[in-house]
Structure formats: C-alpha cells, structure tokens
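User: Could you walk me through this model? I'd like to ask a few things as we go.

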Amino acid sequence: MPPVPTIAIVDDDDAIREAMDDLVKSCGYECRLFASAEEFLAFGQASTIDCMLIDVKMPGLSGIELQAELNKHSKRPPVIFITSHRDERTRRKAMSGGAFAFLGKPVDIEKLIGYLESALGH
C-alpha cells in the first residue's frame, strides 16, 4: 500500500487552518498545520510534505516569500495558494514562481479538491 500523502497547511488564521485540516483529512490525506511561514521553515522535514496550501498574507514572511524560499531547493512540493487578497499582480507573481494554483477565499471546495488531486498526481 503506497504511503498516504501529507499536506502542509500554512495560514495564520486558526479557523481556516482547522477547516482546511478537516477537509484534507476527509479526502484521506495526512495533514501538518503551521501558523506561519517561519514555523514551516523551522519544521525541518519539508521533504515529508507532498503538497502545500499556503495563505498569501501572513504576519512575518508572506506566502509569496515562503514560495521563494521553497524555490531555492530542488525538491519542493506543489503549492496551492489560498487568499482573500485576489489582486492580479499577486496572482501573477505566485504563478510565475511555480504555484500549482491560486484560489480566492471563500474557497470553492470542489476546485480545491480537484487541484489537490491533480497536484498529487491522482
């Protein structure tokens, strides 16, 4: 039996993190929760993450800045941005940085699940 994919959720909003955790687990995936980009970077086990759901605007490092840090490594998981700040400039920056998808809040659950499954190769 293949290992269960692990999804990292990086969002400073407790309610969003918990809701995404419930959704990801209901799809049969494992989940790791992080309240900030810095917390994820300190995690030290990024290689165990198969996909990431990242908020754009957070205190400290933004989601875009986290993506830039991840891009410094050869093995990096697909990134799906979830944000309430849906300006075109930010979307272009995220996508040109290699983001798999860029979704606005409130999140279209069906779209998110579809992107997640595509990012994981299902």
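The chat below goes through the sheet, some helices and one glycine.

User: Before we start, what kind of model is this?
Analyst: This is a predicted model.

User: OK, the sheet then: in what order do the strands run, and is the pairing parallel or antiparallel?
Analyst: The open sheet has 5 strands in the order S2-S1-S3-S4-S5, and their pairing is parallel. From one strand to the next, the twist averages 20 degrees.

User: And which strands stand at the edges?
Analyst: Those are strand S2, residues 30–34, and strand S5, residues 101–104; each has a single partner strand, so one side of each is left without a neighbour in the sheet.

User: How many bridges link S4 and S5?
Analyst: Strand S4, which covers residues 79–83, pairs with S5 in the parallel sense over 4 bridges. Among the partners, Ile80 is bridged to Ala101 of S5, and Thr83 has Gly104 of S5 as its bridge partner.

User: Which way do the S5 residues point, and are they buried or exposed?
Analyst: Ala101 and Leu103 point one way from S5, while Phe102 and Gly104 point the other way, and all of them are buried.

User: Which helix lies across S4 and S5?
Analyst: That is helix H4, residues 88–96, which runs at about 150 degrees to S5.

User: Switching to helix packing, at what angle do H1 and H5 cross?
Analyst: The axes of helix H1, residues 14–26, and helix H5, residues 109–119, cross at roughly 60 degrees and come within 12 Å; the two helices are therefore oblique to each other. H1 passes H5 in a right-handed crossing.

User: Which residues make that contact?
Analyst: On the H1 side they are Met20, Leu23 and Val24, and on the H5 side Ile109, Leu112, Ile113 and Leu116. By class, the contact of H1 with H5 has 7 nonpolar residues, with no polar and no charged ones.

User: Last topic, Gly63: where is it found?
Analyst: Gly63 is found in helix H3, which spans residues 63–70.

User: Why does Gly63 count as buried?
Analyst: Gly63 has a relative accessible area of 0%, and buried means under 20%, so Gly63 falls in that class.

User: What does Gly63 touch, leaving out residues up to four places away in sequence?
Analyst: With those left out, Gly63 touches Ile54, Asp55, Val56, Met58 and Phe81. As for Ala37, which is 26 residues from Gly63 along the chain, the C-alpha atoms of the two are separated by 6.8 Å.

Conventions
Residues numbered from 1 in each chain as written. Predicted model: local features only at pLDDT ≥ 70, side-chain atom pairs only at ≥ 80, totals over all residues. Heavy atoms only, no water. Axes fitted to C-alpha atoms, helices over the stretch in contact; angles between N-to-C directions. Parallel < 35°, antiparallel > 145°, perpendicular 65-115°, else oblique. Left-handed = near helix turned anticlockwise from the far one by under 90°. Contact = heavy atoms within 4.5 Å. Nonpolar A, V, L, I, M, F, W, Y, C, P; charged D, E, K, R; others polar. Pairing = 2+ DSSP bridges. Buried < 20%, exposed > 50% of the residue type's maximum accessible area, 1.4 Å probe, protein only.
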